[in-house]
Amino acid sequence: MSTRQNLNSRRKKISLLARGNLEWYIMLAPTIIVLLVITIYPLVYSLIISFQSLHLQKPNLPIRFIGLSNFISVVRYDAFLKSVTNTLLLALSSVSIGCLIGLGVALLLYRIGAGNIVLVLLVIPMTVTPVVSALVWRFMYHPQLGIINYTLRMIGISGITWLAKPLSAFISIVLVDVWQWTPFIIFILLAGLVSLPSEPFESVQLDGASSFQIFRYLTLPMLKKHIGVAILFRAIGVMKLFDTIYVLTQGGPGRATQTLSIYTYKLGFQYFALGEAAALSYLTLILLIVVALIIIRQFKLFW
Amino acid sequence: MRSEQKVKITLSWLGLIIALSFFLYPFCWMLMMSFKSVEHIFAWSILLFRPTFDNYRKLLLDALFLRSFYNTIIISGVALLISIPIGTLAGYSLARMPSNISKLLGFWILTTVMFPPIVMVIPFYLLMQKWHLLGTKQGLIFVYISMNLPLIVWLMKGFVAEIPSEIEEAALVDGCSRLRAFFSIVIPLARPGLITASLLCLIVSTNQFLFPLILGGADARTIPVAVVRFVGGYSTEWGPACAASSLAILPVLSYAFLARKYLVRGMTLGAVRG
């Protein structure tokens, strides 16, 4: 880089800070302060634990600083790779299905201008306490007493043990998560649809575009950022999911539905290897950051 | 054209009914179980039973259960009331400020929600113990605020970015202060987004289970914790549990019902969007 370019970029950086855009920082300050206070301590604390050989079942062992060996041993466990794949697969399936259904329903609602009661009803899956709704679903999945197999038996399909086989257990969890959180996507997309300016749509209609064309070339691109935000938060939510999976399968059968959060729980509270659990949670954090970055990049979520 | 529109609308309604049935089915199932007494819950015939209000009666007479409603509304409500202004301001500034810094700050705000709750609990517990916030409403409010903020910031960032900044610029040129422009111009235009964000935050906060379980006490017992009391390690009292859950949705449902007009302003412009 030539000296002239160096000087210019440095000048830009200085002017950015000095520019008396104080108002932006004042507006951001409360958020940043709250988040800083509430998250710094847990993060630092967990980081410190992850470097130590803490083990709840052996309280007499001195807590030694063992550097990165927790991280190394965690990555070496067979269960680690499996839980990473499970987590990513779960996120992929649940978010993509949710988006398809969510977009569809949001468009339907928008077109019909259907009574707002429909919206209120759609809130219900999200508001039922997750633990209880997971239990209800578990009951529904029961091979003999559950309503799902009851209905299936009526049309001739019998004996699917939903939660007992690896593949069907996985599908069951995706189904419950889609059921519970698709309204989240619907709400965001609907609010997005409503906020789109109407002029482009009117002029395009005058030119005689078909509904499909309008959707594909106008609506969809304009909704891109909203879809991106919905996907972002849903992906993070699914990867953190704990209650539902725990109630339905506890990560079983075997390790079929063991995600990173379930694995962390087992490491920390069943095997009591707190140091390793803390290390695993940092690795989870890194995974989430990577996924979030990919999504943000893909949908250009930074204006 | 008329009949084509009609077909489209009928198909849309059909699609909507299918979607609604999917989303409401488990809830209807749960509602049905809440009116069953113990013998009927595991009975073979699912639809034939004598309905009873016993489960509900037991709950409504339970002071502890009612108290948890009060607690939850206060805790989630106050958290929401505090997070909304703070978060919206932050989202607004992120949407309008120069992009290199907004990228960094925006992403950092996002990372604060990425830690699985299971991992945050122990440090939170220790922290709150130190600050004497354990078992208090304020402690939980603080935790909920930190959960609400990233969602509000990012949602509002998106909605504000859609509003062309020319309007504010014009106001600024006329001598209006940035803050005043924010309140009089941006907020009214971003209202559907604001209501949506507040609804989603309310849902997430009232449904929190792990944090109130471990960090709460008698004073901060929230609805999910009270509901799960009926779920045991070996057996579940299905009747009361379902009744409790059905009652538990009332706070958020009422909010959604009251706010429904604002959720999607302008829905009647509908047919144009494809």
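Tutor: Happy to! Keep in mind that this is a predicted model. Let's begin with a pair in chain A: helix 4 of chain A and helix 11 of chain A make a right-handed crossing.

Student: Which residues of helix 4 of chain A and helix 11 of chain A make the contact?

Tutor: Helix 4 of chain A brings Thr87(A), Leu90(A), Ala91(A), Ser94(A), Val95(A), Gly98(A) and Cys99(A). From helix 11 of chain A come Ile227(A), Ala230(A), Ile231(A), Arg234(A), Ala235(A), Val238(A) and Met239(A).

Student: And how does that contact split by class?

Tutor: Ten residues are nonpolar, three are polar and one is charged.

Student: What's the geometry, then? At what angle do the axes cross, and within what distance do they come?

Tutor: The axes of helix 4 (residues 78–112) of chain A and helix 11 (residues 211–240) of chain A cross at roughly 140° and come within 9 Å. Angles over 145 degrees would count as roughly antiparallel, so these two helices are classed as oblique to each other.

Student: Nice. New topic: where is Ile66(A) found?

Tutor: Ile66(A) is in the loop of chain A between helix 2 (22–50) and helix 3 (69–76).

Student: Why does Ile66(A) count as partly exposed?

Tutor: Because Ile66(A) has 16 C-beta neighbours inside 10 Å, while a buried residue needs 20 or more and an exposed one has 12 or fewer.

Student: What does Ile66(A) touch, leaving aside its neighbours within four places in sequence?

Tutor: Ile66(A) is in contact with Phe51(A), Gln52(A) and Ser53(A). Phe299(A), for its part, is 233 residues from Ile66(A) in sequence, and their C-alpha atoms are 41 Å apart in space.

Student: Let's switch to chain B. How many helices and strands does chain B have?

Tutor: Chain B has 14 helices and zero strands. Its C-alpha atoms fill a box of roughly 70 × 70 × 30 Å along the principal axes.

Student: How much of chain B counts as buried?

Tutor: Of its 274 residues, 45% do. As for contacts in chain B with a separation of 6 or more, 78% are between residues 24 or more positions apart.

How values were computed
Residues are numbered from 1 along each chain as its sequence is written. Chains are lettered from A and ligands numbered from 1 in the order in which they are written. This is a predicted model: local features need pLDDT of at least 70, side-chain atom pairs count only at pLDDT 80 or more; totals for chains, interfaces and linings use all residues. Axes are lines fitted to C-alpha atoms, for helices over the stretch in contact, and angles run from 0 to 180 degrees between N-to-C directions. Helices (H or I, at least four residues) and strands (E, at least two) are DSSP runs, numbered from the N terminus. Angles under 35 degrees count as roughly parallel, over 145 as roughly antiparallel, 65 to 115 as roughly perpendicular and the rest as oblique. A crossing is left-handed if the near helix is turned anticlockwise from the far one by less than a right angle, and right-handed if clockwise. Two residues are in contact if their C-beta atoms, placed from the backbone, lie within 7 Å. Ala, Val, Leu, Ile, Met, Phe, Trp, Tyr, Cys and Pro count as nonpolar, Asp, Glu, Lys and Arg as charged, and the others, Gly among them, as polar.
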